[in-house]
Amino acid sequence: MSDAGFMALALEQARKGEGRTHPNPAVGAVVVKGGRVVGRGFHEKAGAPHAEVMALREAGRRARGATLYSSLEPCNHHGRTPPCVDAVLSAGIRRVVVGSFDPNPLVSGRGLRRLRRAGVEVVTRVLQEEADGLNGPFFKFMRTGLPWVTLKAAITADGKLATANGDSKWITGAPARLQVHQLRDRVDAVLVGAGTVDADDPQLTARIPGGRNPLRVVLDSSLRLPPARRVFAPDALTVVATAAKEGTARAKRLHAVGVDTWHLPEGEGGVALEPLLRKLAAAGQLHLLVEGGAEVYTSFLRAGLVDEVQLYVAPRLLGTPGMGWVGELGVGRMADALQFRMAALERVGEDARVTLRPAVPFAARGERR
C-alpha cells in the first residue's frame with residue numbers, strides 16, 4: 001500500500017475522535033512495518049494520550065524500524081500530556097509521514113525539525129487537503145481566534161424554509177434529519193434566533209444513541225422569550241446572547257431555570273456577531289452550527305463569518321409567497337454575488353445535501369487580531 005493509502009487509514013482513526021477532542025484537534029495514527037499495520041490510535045479527548053502514543057503502545061516492540069503515519073504533525077512540547085516526539089524517538093521509529101502541519105505556534109514544525117535532526121526520515125503533505133479539512137475548526141481558531149461557523153438549512157428546491165404561514169414540518173425526510181442530529185453530536189455549539197424558537201420551539205439536541213448535546217445558543221436581543229420554551233429545558237446547557245442590560249427581571253427568570261445570559265454589544269439588527277464568536281471560542285466552543293432562521297443566516301452571511309454552508313434540499317416546490325432561506329445581502333450586480341465553491345454533493349434519502357465553502361475562506365482573510 002502507498003503512503004496515501006496508509007494515511008487514509010490514519011484519517012479513519014482520526015474521525016473516531018471527531019467532535020470529542022476540543023479544544024484539541026482530532027488526530028489519528030498508524031504504525032506500519034513490512035507493509036502491515038501493527039499499531040493504530042486516535043486522540044479520544046483533551047488530556048488523553050495523543051494518537052501517536054496510542055498507536056505506538058499497540059505496536060510495542062514492532063515499532064522499532066517502522067513507519068509512523070500521523071494525520072497531524074507530532075507535538076514537541078509539554079501540555080497536559082508529554083511530547084509525542086519523545087515517544088516516537090524512544091520507540092525507534094525510522095520514518096514519519098504526516099498529513100497536516102499544526103498551526104499551533106507551540107508545535108508549528110518544531111517536532112518535525114527535531115525528528116530530522118535525530119535522523120528520522122520525514123515526509124509531509126500526504127493527503128494534506130483531507131487532513132486539513134478534518135480540523136477546520138481548530139485551524140481557524142489558531143489563525144483567527146474565532147470558531148468555525150457551519151450554516152445549515154433545510155429548504156425546498158425553490159429555496160424556501162417554510163410556507164407563508166410558517167409551516168416547515170417536515171421539508172426533508174427522516175434520513176436528512178438523522179444526519180442533522182449526527183452533526184449536532186459533532187459540533188460544540190448550535191445557534192438559532194428568537195424567531196426560530198417562537199415558530200418551531202426546537203430542542204436542538206442530538207437525539208441519537210450515545211449522542212453528545214452541544215451548547216445551545218439563542219440570539220434574543222431583548223430577552224423576549226419565556227423560560228418555558230423547550231430550548232431552555234435542562235437536558236442540555238443553554239446560553240442566551242443578548243444586547244439587553246444585565247440584571248433585568250427577564251434575565252433573572254432565565255437564570256432561575258439554569259440558563260445563562262451573555263450580554264454583548266449591539267450590532268446590525270441585533271447582537272454583534274463577532275464578539276459573540278470570540279466569547280464562544282474563549283469558552284472552548286470551536287465549531288458553531290447555525291440552524292436559523294432566515295434573518296440569522298443573512299446576518300452571518302452579510303458579516304462574512306460563514307465557513308461552510310450545508311443545504312439539505314428537498315424535491316418540493318412552494319412558490320411564492322413561501323419564506324426564503326436568506327434575505328437582503330446588498331447585492332446589486334451578479335458580479336457582486338457572494339462567491340462559493342461546491343465542496344460536496346450527496347444524496348440523502350430523497351433529498352440532497354449540498355456543501356458550499358467560500359471561494360476565499362474567512363481564515364485566509366487575515367490572521368488573529
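1. The model is a predicted one, in which local features need pLDDT of at least 70 and side-chain atom pairs count only at pLDDT 80 or more, while totals for chains, interfaces and linings use all residues. Residues are numbered from 1 along each chain as its sequence is written, and side-chain values use heavy atoms, with hydrogens and water left out.

2. Nine strands make up an open sheet with mixed pairing, in the order S11-S10-S9-S8-S14-S6-S15-S18-S17. Helices (H or I, at least four residues) and strands (E, at least two) are DSSP runs numbered from the N terminus, and two strands pair if DSSP finds at least two bridges between them. At the edges stand S11 and strand S17 (340-348), each with a single partner strand, so one side of each is left without a neighbour in the sheet. On average, and with direction ignored, neighbouring strands of this sheet are turned by 25° against each other, where axes are lines fitted to C-alpha atoms, for helices over the stretch in contact, and angles run from 0 to 180 degrees between N-to-C directions.

3. Strand S10 (residues 238-242) is mostly covered, since five of its five residues are buried; buried means under 20% relative accessible area, exposed over 50%, and partly exposed in between, with a 1.4 Å probe and protein chains only. In a regular strand the side chains alternate between the two faces of the sheet. In S10, Thr238, Val240 and Thr242 lie on one side and Val239 and Ala241 on the other, and all of them are buried.

4. What are the partners of S10 on either hand? Strand S9 (residues 215-219) runs parallel to S10 and is joined to it by four bridges, with Leu219 opposite Ala241. Strand S11 (residues 260-263) also pairs with S10 in the parallel sense, over four bridges, and His263 in S11 is the bridge partner of Thr242. Between S10 and S11 the chain crosses through helix H9 (residues 249-256), and this β-α-β crossover is right-handed, meaning that, with the strands pointing away from the viewer, the path from the first strand over the helix to the second runs clockwise.

5. Elsewhere in the sheet, strand S8 (residues 189-193) and strand S14 (residues 287-292) pair in the parallel sense over four bridges, and Val190 stands opposite Leu289 in S14. Helix H11 packs on the sheet, where it touches strand S6 (148-156), S8, S9, S14 and S17, and its direction makes about 135° with that of S14; touching, or contact, means heavy atoms within 4.5 Å. The buried residues of H11 (residues 294-302) are Val296, Tyr297, Thr298, Phe300 and Leu301, and the helix is followed by Gly304, whose phi is positive, near 70°.

6. The largest nonpolar core has 33 residues, and Leu191, Leu288, Phe300 and Trp325 are those with the most contacts inside it. Such a core is a set of buried Ala, Val, Leu, Ile, Met, Phe, Trp, Tyr and Cys residues joined through side-chain atoms within 4.5 Å. Not counting residues up to four places away in sequence, Leu288 touches several residues, including Trp148, Leu191, Leu277 and Phe300. Apart from this core lies another, of 25 residues, among them Ala51, Leu72, Val120 and Met142.

7. Six of the six residues of strand S4 (residues 95-100) are buried, so S4 is largely enclosed by the rest of the structure. S4 pairs with S3 in the parallel sense over five bridges, and Tyr69 stands opposite Val97 in S4. Three bridges join S4 to strand S5 (residues 121-123), which runs parallel to S4, and here Val96 stands opposite Val122.

8. How many aromatic pairs does a search of the whole structure find? There are three, and rings of Phe, Tyr and Trp (its six-membered ring) pair if their centres lie within 6.5 Å, with planes under 30 degrees apart counted as stacked, over 60 as edge-to-face and the rest as tilted. The rings of Phe6 and Tyr69 have centres 5.3 Å apart and planes at 35°, so this pair is tilted. Phe6 lies in helix H1 (residues 3-15) and Tyr69 in strand S3 (residues 67-72), 63 residues apart, so that the pair links distant parts of the chain.
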